[in-house]
Amino acid sequence: MGLLSPAIDLEAPKKEALRNRFGDTLAELGATETDLVVLDADLACSTQTKRFADKFPDRFFNQGISEADMMCTAAGLAAVGKKPYVSTFALFAAGRAWDQVRNTICYSNLNVKIVPTHSGISLGEDGASHQSIEDLALMRTIPNMTVIVPADAVETDRIIRWSLQVPGPMYIRLVRTNHAVIHPDDFELEPYKNQVLRQGSDLTICATGEMTYHALLAAKHLSERDGIEAEVINCTFIKPFDTDTLIKSAQKTGRVLTVESHQFIGGLGGAVCEELCAHHPVPVKRLGTQDRFGQSGKPDDLFKEYGLDPDSIYAEAKAFVASGR
Amino acid sequence: MTESAPPADLIKNAKALPADTTTVDVDALSELSRKLRIDILDMIFTAQSGHPGTSLSCIDLLVCLFGELMQHDAKRPDWADRDRFVLSKGHGAPALYAILMHHGYIGWEEKPTLRQVNSNLQGHPASKYVDGVDISTGSLGQGLSAAVGMALGLRLNNSPAHVYCLIGDGESQEGQIWEAALSAPAHKLTNLTALCDRNSLQIDGNTEAIKPLGDIGAKFEAFGWNVLRIDGHDFRQIIAAGHRAKAWSQETDKPTMIVCQCTKGKGVSFMENEAGWHGKAPNAEQYEAALADLQPDVYYQRLKEAN
């Protein structure tokens with residue numbers, strides 16, 4: 001797999017909410033996978049686990065507003081052979097229930113899939129109290145945990161199907177928004193591989209989640225307007241990180257820009273720096289919330305405010321290349 | 001209200017307890033408990049680290065659970081329909097290891113390795129290392145939720161297995177205990193029995209002086225549980241309550257909590273009711289004095305006097 005399909009129109013992409021596809025895929029898988037159980041903490045209508053709950057009420061557990069309890073309950077279900085998928089907002093999954101995820105799920109290496117649907121600043125109007133900008137860092141440091149960020153609805157579907165077959169704890173980070181679809185319908189997931197969606201030689205842009213679409217659009221404009229060719233890697237697998245793809249690209253381009261709807265500390269930017277430092281040091285620039293909390297606003301306005309919209313990424317990339325570093 | 005009432009008064013639901021525990025060999029159970037108390041002290045003394053007070057407090061409960069109440073088989077640790085036990089108060093690990101050694105889950109040769117590098121006997125129970133530990137515990141407040149999850153899963157599997165979970169009274173200062181306490185009746189769990197080791201002491205002192213827990217049983221009743229109150233060192237009461245809990249849950253569609261009045265450090269005179277022995281290993285002199293207390297003549301004489 002690789003390279004963006006020519007059928008994808010970056011200027012006017014089809015849009016679909018990742019969480020809707022998440023709910024639909026779970027509901028479909030529930031028919032054949034009888035050990036699949038789903039837990040939510042009073043957000044089933046937001047996370048769309050309701051789509052599973054409506055079809056399989058006996059295998060859906062609404063734990064109420066008790067995220068810590070929910071995580072350990074899921075661990076108990078996994079300990080007797082069930083395959084629990086747990087959803088809530090990312091802040092409550094990774095933040096509020098961190099100790100439970102670490103001690104009861106990951107330390108016991110239990111087969112619990114944590115799929116928060118509202119991560120990063122695109123959660124929007126509810127503001128900083130609900131916007132998780134630390135969850136990748138929090139989850140990435142726990143032994144046994146796998147951390148995955150799908151870029152769109154199609155990739156979400158493939159990740160959920162694949163994850164059901166792979167034992168062990170995973171954190172699969174989704175977003176709230178109705179988001180651009182950048183993968184074709186026949187997309188096949190290559191597990192643990194971060195896809196190069198666009199080839200280039202002037203810089204590497206490592207983007208994750210909804211930022212991958214923004215990076216692709218920025219790269220298109222860099223090429224069209226400035227003749228700058230950016231290589232874009234869709235960093236789906238944050239942990240274990242796909243070091244090979246990163247290093248090959250960095251060897252070619254000599255500089256790496258990271259983009260995430262997350263703190264610029266400890267998440268994708270952190271992972272990229274760790275790998276580059278160890279294997280192939282090159283200049284890096286990290287885009288994310290620059291040690292600031294989020295705030296209320298419409299997602300697109302927030303992306304602009306925090307420098308994570310396609311135009312801001314374009315400008316940063318152009319300046320980075322022009323700096324000659 | 002503290003729960004320091006005399007045992008007879010504790011059995012508030014005495015009518016709920018079946019009288020007939022005449023087939024129980026109390027002397028054998030008592031003797032096993034005495035020996036396992038020595039094993040607990042051996043482990044903690046060798047490691048020079050661990051929690052004697054809490055382990056001695058709950059060992060009589062574990063003897064009854066693993067010996068009389070639970071369906072399990074050390075030769076088949078993966079038996080799908082085995083009863084499950086979650087030690088939510090994970091610092092009682094030495095007591096759990098002692099009973100698991102007695103039943104053959106852990107080899108006796110591992111006894112001196114408690115808390116040593118690369119030992120299976122971690123400071124707090126870890127499922128990765130020990131058969132018979134189904135989920136790792138240690139960070140307080142989490143085990144009861146896990147037990148709820150196990151009970152939900154076993155019910156979905158149409159398994160006859162029953163889940164037992166032992167929580168501490170101090171542990172019940174963790175909010176998550178009360179999240180799980182709400183959750184279990186909400187799911188109408190009848191295959192879950194919780195026990196609370198009510199010894200009224202925590203690391204820094206008396207639970208009632210630090211964050212009063214009052215009548216824990218009344219709190220669980222208010223949260224929708226059946227509640228039994230027993231003397232946690234009386235084998236007949238423990239076993240009768242265990243049997244009654246299962247039946248009562250079936251009759252009522254509710255989980256059952258057994259509040260067990262226990263003595264922290266039970267069996268070692270100078271450790272009894274002393275918060276200072278929560279997480280401290282005895283030195284050589286103290287270890288010898290403890291062993292002397294656990295010799296049959298002294299031990300049984302003291303038990304007799306206590307009753």
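Contact here means heavy atoms within 4.5 Å. By that rule, the contact between the two chains takes 25 residues from chain B and 25 residues from chain A. The model is predicted, so that local features need pLDDT of at least 70 and side-chain atom pairs count only at pLDDT 80 or more, while totals for chains, interfaces and linings use all residues. Residues are numbered from 1 along each chain as its sequence is written, chains are lettered from A in the order in which they are written, and side-chain values use heavy atoms, with hydrogens and water left out.

Buried area, the accessible area (1.4 Å probe) that two parts lose on being put together, summed over both, is about 1900 Å² between chain B and chain A, and carbon and sulfur atoms give 55% of this area. Of the area that chain B buries against chain A, B:Gln142, B:Leu156 and B:Glu179 supply 27%, more than any other three residues. Helices are DSSP runs (H or I, at least four residues), as strands are (E, at least two), numbered from the N terminus; among them, α5 (143-156) and α6 (175-186) of chain B each supply at least two residues of the side that touches chain A, and α5(B) gives the most, with nine residues.

In chain A, five strands form an open sheet with mixed pairing, in the order β9-β11-β10-β13-β14, where two strands pair if DSSP finds at least two bridges between them. Its edge strands, β9 (195-198) and β14 (284-289) of chain A, each pair on one side only. Strand β13 (residues 256-263) of chain A pairs with β14(A) in the parallel sense over five bridges, and A:Val256 has A:Val284 in β14(A) as its bridge partner.
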